[in-house]
Amino acid sequence: MRITMIGSGYVGLVSGVCFADFGHEVICVDKDTSKIEALKRGEIPIFEPGLEQLVADNVRAGRLSFTTDVETSVAASDVVFIAVGTPSRRGDGHADLSYVYAAAREIAEHVKDFTVIVTKSTVPVGTGDEVERIVRETNPQADVAVVSNPEFLREGAAIEDFKRPDRIVIGLNDERARGVMTEVYRPLYLNQAPLLFTSRRTSELIKYAANAFLAMKITFINEMADLCEKVGANVQEVSRGIGLDGRIGSKFLHAGPGYGGSCFPKDTLALAKTAQDYDSPVRLIETTVSINDNRKRAMGRKVVTAMGGDIRGKSVAVLGLTFKPNTDDMRDSPAISIIQTLQDAGATVTGYDPEGMENARQVIDNIAYAEDAYSAARGADALVIVTEWNQFRALDFVRLKSIMKAPVLVDLRNIYRHDEVAKHGFAYTSVGRPSSD
Ligand code: NAD
């Protein structure tokens, strides 16, 4: 199959290279010239484990190429994926579909023979209808089938997720697309990955329902963590105790500073907005959104309390700035609000992240950036772990104690136990656990 991927970001690039690895001929397009130039030089614009090698292998094999020229690539393709961003629209929280619609127009101008247009971006119910309308309006001669195929990969494990998905959801209203999409995913299909065919609208909703459910699960355990702190229970044991029940499942039950990232915050909000528009509000999700929004600053206040309540003029070291480990993605990271809260209370902040500092500089002002965890901690009145990168899991507490001004550790990811930190003389605060655990 000849495939064009419009948008070569986290999803477009990973999907594109994986399709190439399946044996398809893939052209990744982006309107960002510097991104395409970098990709042509073999430089990967994002941090994603394994991606650089896979791109290099597939470029060398002649199955993967990069361009800014939509016209030639679309005209020569059997399938065109739209994998552009769908951020929150400024002001009202609806998904901003302008990039999707612009891509649809460009595709329509250049399609030749029968072409399957696939929306991989996360889009509200009904977007496929509008993409189809735009294509027909722009080019009444175009022979296309518009399909929904939402992506469920996780940053940090994107290639593995793409190649070994729990399921592949394909929403179509035009039966001609069924065979084409089965062919696109043939290696996974042969490997028994469930291919779930639905209507286009159902498929669009599945993606939002999945993300909203996961966000709700995280938020549930975060509220349990708060309750644990009040009643003297341990949230990790509560998680294990409920997670072993097969109906609940153990994943996404780790208490922490609140969900962030490029998907959950915007997708929960967009689902709530869609549901309101259809006069069928999803109150559980509306509440999830507001609990999570409050939680991020609450975590900043937790640090303030751990430091004795007055942090004016004090210095705080923050380890981990990205919204989760193994990515450089800073979009909606809890670190942003936590650091802002600390600055509002009068502290100065030094941050360190293994991969996210370049992106962090774009979104977090007025902090110092350190070379590693220990230079961040030097002279600090407290050390805060916001993201559980592996390299923070075995910190040298003897060394930390000797370089910090005060031995205070706030572990917002529960990666340590109280006794192993306290024995080095640290005051230790975690999330949802009694102070002795
Ligand atoms: P991204 O911002 O990393 O990438 C989008 C890319 O599209 C950018 O490089 C941009 O320059 C390009 N682009 C925009 N308009 C274009 C056009 N007309 N022609 C060519 N290129 C264009 O975004 P992302 O994180 O890859 O997300 C893309 C979509 O996938 C979103 O809808 C998101 O919700 C969804 N999604 C993301 C993830 C994730 O983990 N990042 C997971 C599942 C689904």
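I started with the ligand and counted 27 residues around it, the closest being Gly7, Gly9, Val11, Ser121 and Thr122. I then looked up which elements supply two or more residues to this shell, and found helix H1 (10-21) and helix H5 (98-110). Of the elements, H5 gives the most, with 4 residues. A note to myself: this is a predicted model.

Next I sorted the shell by residue type. I got 11 nonpolar, 9 polar and 7 charged residues around the ligand.

Then I moved on to the sheet. In what order do the strands of the open sheet run? I read S11-S10-S9-S12-S13-S14, which makes 6 strands with parallel pairing. Strand S11 (368-369) and strand S14 (427-429) stand at the edges with a single partner strand each, so one side of each has no neighbour in the sheet.

S11 pairs with strand S10 (residues 348-352) in the parallel sense, over 2 bridges. Which residue of S11 stands opposite Gly351? I found Tyr369 there.

Helix H13 (residues 283-306) lies across four of them: strand S9 (315-319), strand S12 (382-385), strand S13 (408-411) and S14. I noted an angle of about 155 degrees between H13 and S13. Helix H14 (residues 334-344) lies across S9 and S10, and I noted that H14 runs at about 155 degrees to S10.

How values were computed
Residues are numbered from 1 along each chain as its sequence is written. This is a predicted model: local features need pLDDT of at least 70, side-chain atom pairs count only at pLDDT 80 or more; totals for chains, interfaces and linings use all residues. A residue is near a molecule or strand if its C-beta atom, placed from the backbone, lies within 6 Å of it. Ala, Val, Leu, Ile, Met, Phe, Trp, Tyr, Cys and Pro count as nonpolar, Asp, Glu, Lys and Arg as charged, and the others, Gly among them, as polar. Two strands pair if DSSP finds at least two bridges between them. Two residues are in contact if their C-beta atoms, placed from the backbone, lie within 7 Å. Axes are lines fitted to C-alpha atoms, for helices over the stretch in contact, and angles run from 0 to 180 degrees between N-to-C directions.
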